[in-house]
Amino acid sequence: MKVGLIFFRHKPLTGTGKGIDKYSYYLVKGLKKYGVETIIYQANSRKELFKLLISEKNERNADLYHAVSPEEGVIAIIAKVRPLIVTVHDALPFVYWRKSVFRFSYYCICYYLSRFADKIIVTSQVSKQLLTKYLRVSPNKFEVIPLGIDLNDIKFYPKSKDDKDVFRIFFVGGTWQQMRLSLIHISEPTRPLYISYAVFCLK
């Protein structure tokens with residue numbers, strides 16, 4: 001099977017970046033690892049990407065198309081490349097930006113995708129529940145695939161002897177409702193003389 005990966009502005013072939021860039025990088029790397037042949041469709045503007053996909057629709061070089069974000073998904077739907085999978089990374093705008101113009105625009109995009117994409121990938125069960133609720137679409141439209149990381153890409157460094165008096169703050173992300181957290185427990189038993197210990201109770 002050949003999978004056509006659709007990118008706009010994102011950099012899937014480098015290990016740098018964050019967010020959708022990092023997701024795209026691991027997506028390409030993971031598919032190649034499992035022997036899936038990939039075709040990259042990438043452009044610097046929406047117009048160029050649309051033209052690229054229009055020509056692809058006629059040639060049909062890929063058996064399946066995957067747009068890595070809603071923006072690419074809308075362009076792919078207009079260009080009529082099928083079958084199409086789209087990844088939606090965020091459902092928070094439906095909850096926290098109820099009265100903003102951005103929320104309305106994002107809702108329109110996701111609603112359009114929910115009607116015309118063949119499958120939508122989300123990264124958590126909570127995102128699936130929120131999108132199902134606000135878009136009023138069948139849960140079968142969504143596939144939950146949690147985000148992952150290649151441990152071989154992580155570099156560990158030994159702790160410096162001068163670090164014992166250094167105070168650090170570790171940020172683990174926003175305490176959004178979507179995370180469904182009731183307790184965060186952080187401890188460091190490896191430094192008995194300078195034990196860092198914290199518990200956050202969230203309402």
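Predicted model: local features only at pLDDT ≥ 70, side-chain atom pairs only at ≥ 80, totals over all residues.
Me: Why is isoleucine 149 called exposed?
Reply: Its relative accessible area is 54%. The cut-off is over 50%, so isoleucine 149 is exposed. Isoleucine 149 lies in the loop between strand S6 (142-144) and strand S7 (183-187).

Me: Which residues make the nonpolar surface patch of about 290 Å²?
Reply: Ile149, Leu151 and Ile154 make it. Patch residues need over 30% relative accessible area, and Ile149 has 54%.

Me: What makes the contact of arginine 46 and glutamate 71 a salt bridge?
Reply: Their side chains meet at 2.7 Å, N to O. The limit is 4 Å for a side-chain nitrogen of Lys or Arg and a carboxyl oxygen of Asp or Glu, so the pair of arginine 46 and glutamate 71 counts as a salt bridge. The two residues are 25 apart in the chain, with arginine 46 in helix H2 (residues 46-59) and glutamate 71 in helix H3 (residues 70-79).

Me: Why is glutamate 71 called partly exposed?
Reply: Glutamate 71 has 22% relative accessibility. Buried would need under 20% and exposed over 50%, so glutamate 71 is partly exposed. Arginine 46, at 47%, also counts as partly exposed.

Me: How many salt bridges does a search of the whole structure find?
Reply: Two. One of them joins the side chains of arginine 82 and aspartate 118, at 2.9 Å, N to O.

Me: Why is the pair of arginine 82 and aspartate 118 said to tie parts of the chain together?
Reply: Arginine 82 is in the loop between H3 and strand S4 (84-87), while aspartate 118 is in the loop between helix H5 (101-116) and strand S5 (119-122). These parts are 36 residues apart in sequence, so the pair ties them together. Arginine 82 is partly exposed at 36%, and aspartate 118 is partly exposed at 37%.

Me: Which residues have the most contacts inside the largest nonpolar core?
Reply: Ile6, Leu53, Leu84, Phe94 and Leu131, in a core of 34 residues. Leucine 131 touches residues including Val88, Phe94 and Phe142.

Me: How do you know that S1 and S3 pair?
Reply: Pairing needs at least two bridges. Strand S1 (residues 2-8) and S3 have four, in the parallel sense, so they pair. Isoleucine 6 stands opposite alanine 67 in S3.

Key: Residues numbered from 1 in each chain as written. Heavy atoms only, no water. Patch = residues over 30% accessible without salt bridge, like charges linked within 9 Å, V, L, I, M, F, W, Y side chains within 5 Å. Areas by Shrake-Rupley, 256 points an atom, 1.4 Å probe, with all protein chains shown as cover. Buried < 20%, exposed > 50% of the residue type's maximum accessible area, 1.4 Å probe, protein only. Core = buried A, V, L, I, M, F, W, Y, C linked by side-chain atoms within 4.5 Å. Contact = heavy atoms within 4.5 Å. Lists of a residue's contacts leave out its neighbours within four places in sequence.
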